[in-house]
Amino acid sequence: MIDTTQIFNINSEEEFEHIALDVFRHQLKNNPVYGEFCLYLGKNRTNVIELKQIPFLPIDFFKTKKVVSSQNKEQIIFSSSGTTGQVTSKHYVTELKLYEQSFYKGFTHFYGDVSDYCILALLPSYLERSGSSLIYMVNDLIEKSQHPESGFYLDEIEKLTKTLMRLDKEGKKILLIGVSFALLDLVENHSLKLNNTIIMETGGMKGRRKELIREELHDILKRGFGVEKIHSEYGMTELLSQAYSKGNGIFKTPPWMKLLIRDTEDPLSYLNDGKTGGINVIDLANINSCSFIATQDLGKNHENGLFEILGRFDNSDIRGCNLMVV
């Protein structure tokens, strides 16, 4: 059995690889979907001895299979967004405590104590449906902030703007987290000059607006909010961890999460830093599901564990998974 406390206390690349191989062997044995996938590829515990030999499960499996590595009944089922008629992904979470630990420790790693912030959430497309892992995370962070004015705003743009301006002027430390189209709606009607507020976009126009390249979106938001940088969050229904960008679209993962860039022509081989390819995500917190996922996102790694998201594969279906087309 994997000691989950180890996962959130990784201090080196060697430690990460050691735990990742332990998690691989655990999921190979206990996850029927992943085990069958590895068998098909001829991968087993004896011939997978280093990180880059671990097979990555295509993310589409979450649309048609129950991807679980635990005998426990699920405590919640998170689902992806999608237009009418689309098959959505489902993530069967058997231990909510792990998700809560992961996003709380991840937020603290990048932004410090959540109780230092007033958290304002502008996530209408997520609030309007059930099963959103993002709403679950933000709601929990709002509660942990313990600020009386932290909360969600659905279509209350005017109320949100007044609250935001007042709190910022009072010198309060604010995090405004919003879906891209809603943040654009706000700045089209108001021109602000904020000094104490972090603006964090979670991506996605959700069919409400035409897609913008990241630089264009961030330029509009920077001008509209009067801030120097726009932060971003990168997560997805199928994961339990998030990466964050503090500006310029450059992301970093917490210590228990890692990205590898696969060759789009040869999905079992990997590219060096600076080369664009498909994103494979290792999320060790996802121990009760699958920690090794081949996404439909394109990106490239930089030095020191930094990376960029550069869009999606052309033939992949469009759904709200926290990124912009570049």
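Where is the place of Asp155? In this predicted model, in which local features need pLDDT of at least 70, side-chain atom pairs count only at pLDDT 80 or more, and totals for chains, interfaces and linings use all residues, Asp155 lies in the loop between strand S5 (151-152) and helix H8 (157-169). Residues are numbered from 1 along each chain as its sequence is written, and side-chain values use heavy atoms, with hydrogens and water left out. Helices (H or I, at least four residues) and strands (E, at least two) are DSSP runs, numbered from the N terminus. Asp155 is exposed, with a relative accessible area of 60%, where exposed means over 50%, buried under 20% and partly exposed in between (1.4 Å probe, protein chains only). The C-alpha atoms of Asp155 and Leu122 are separated by 8.3 Å, although these residues are 33 apart along the chain.

Helix H2 (residues 13-30) packs against helix H3 (residues 32-41) at an angle of about 100 degrees, with the axes 6 Å apart; axes are lines fitted to C-alpha atoms, for helices over the stretch in contact, and angles run from 0 to 180 degrees between N-to-C directions. The contact (heavy atoms within 4.5 Å) is made by Phe24, Gln27, Leu28 and Asn30 of H2 and by Pro32, Tyr34, Gly35 and Cys38 of H3.

Across the whole structure, a search finds 0 disulfides, a disulfide being a pair of cysteine sulfur atoms within 2.5 Å. The sulfur of Cys290 has its closest cysteine sulfur in Cys38, at 7.8 Å, which is too far for a bond. Cys290 is buried, with a relative accessible area of 0%, and Cys118 is likewise buried, at 1%.
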